[in-house]
Amino acid sequence: MKPAPARNKKGRGALCNLPLLLLIAAIQFLVIYSPTLDRYMVMITSGKPGFPSLLLDGRRGFKLVEDELVPEPRVRCDFGDPRSDVCEMEGSIRIRGSTSEVFVVTPMSGVGNFTGLIKSNSNTTGSEEEGWWVMQPYTRKGEARVMNGIRSVTVRVVPSDAAPACTVRHDVPAVVYSNGGYCGNYYHDFNDNIIPLFITSRHLGGEVQLLVAQKQAWWFHKYREIVDGLTNYHAVDLDADAAGEVRCFRRATVGLRSHKDLSIDPRRAPHNLSMVDFKRFLMWRYALPREHAIRTDDEELQPAGSRRPRLLVITRRSRRRFVNLGEIVALAEEVGFEVTTSDVMSSSSSKKKNNSNNGAAGGGDGDGGQARMAEASALVNSFDAMLAVHGSGLTNLVFLPMNAVVIQVVPLGRMEELAMDEYGVPPRDMNMRYLQYNISAEESTLSEVYPRAHPVLFQWTTSRAGPRQGHLPRQAGR
């Protein structure tokens, strides 16, 4: 038997190293010529502690992140809504706060997919064809008195070579809006800011960056529990952003969605969010214990010695106030209520005592805003019914438990329709019950100042019924 031929060690080594050589050659080719790998290497070698950055000495070998592939943008705008203008954007979005500009970056090959843009409307100028438009991201569209003071945001559609370079990159979507306008009025804080912000951002589960024009620092302190429940990130003050700072996003919304007064239309909200969802959100954020009011409609189900339903009468110092508060309290107690009168935002409430402050949970002064909001929400949540004259104090109804009763007293001035829109519809949308009492001329203190035939009273009494028997509210001023 012939011995097996001896193997050539040199030849075997060459054959074994050939795959390795091919792999090394492929890697070198990719590093030199592949934009995808360039971006990956820049990403993994920059900003990592303890890892030497290849960009320090190797900029010629790697492309900068700014040269990344720009996707075709998608922009959907709604300029036809009567309450607010909103644009939703996807792609490469760059926002420069110092100039109030939003850049929608397009690849050199196209201009992107745009829907809903129009030539102009009451608050918007420019168009897709012109490559830019101006928006006022506040929810009082059409009200010139307030919109004249809202900071405008210019949206520009620009090719990638004309876009400003990114200085800050965000991995979450942006929401751009104004904190100006009627900020500071309790009703408008909820109606114009908080509820629209809930509609626009709640479905993102906190993974959203707020970019706020005309930001009021005290406002964000006062409503900190609410804001922190909507975003996991500190809200950026666009006006205070450093000159030249350009924040880059893959998605952004300019403007807040608003459906109706102090309420939500679930058919138009992401994930069909409703005012019941909003109420439960507030209960979560303020740790409110009562989701439902007590039931008194079936006496057989009420155990012996159970507590009486509790009525909160919101008081105020202005002309729209109860002048016979004692009679109202006495009658309410006679029919079975445990009654407390309060302006809600004072440090404590007092039974049968008319406190001295404004009827709304308002004000952003000093150290009180956040703590007083927590106390006010807990106070209101402990009641089963609430009575108040038309005004911002009724906004506290958002903290009442479901099944509670809201009673609105409407002053003279043919305000019935307005009162119903602002405070009559929201309770029903939150699974609460609503009653409305319209003041007659005889029940107003104006009847003590003017004769019945005087024009001040005549215009209201000609179309309204006289005072109803058995009702006690009397109102000062109107």
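**Close-up views of the predicted model**

View 1. Helices (H or I, at least four residues) and strands (E, at least two) are DSSP runs, numbered from the N terminus. This is a predicted model: local features need pLDDT of at least 70, side-chain atom pairs count only at pLDDT 80 or more, and totals for chains, interfaces and linings use all residues. Residues are numbered from 1 along each chain as its sequence is written, and side-chain values use heavy atoms, with hydrogens and water left out.

**View 2. Surroundings of Ile226.** Ile226 touches Phe190, Ile194, Phe281, Leu282 and Tyr286 (heavy atoms within 4.5 Å), not counting residues up to four places away in sequence.

**View 3. Positive phi at Leu262.** Leu262 is not a glycine, yet its phi is positive, about 50°. Leu262 lies in the loop between strand 12 (246-254) and helix 7 (275-285). Leu262 counts as buried because its relative accessibility is 0% (buried, under 20% relative accessible area; exposed, over 50%; partly exposed in between; 1.4 Å probe, protein chains only).

**View 4. Positive phi at Ala287.** Phi of Ala287 is near 55°. The loop between helix 7 and strand 13 (310-314) holds Ala287. With 63% relative accessibility, Ala287 counts as exposed.
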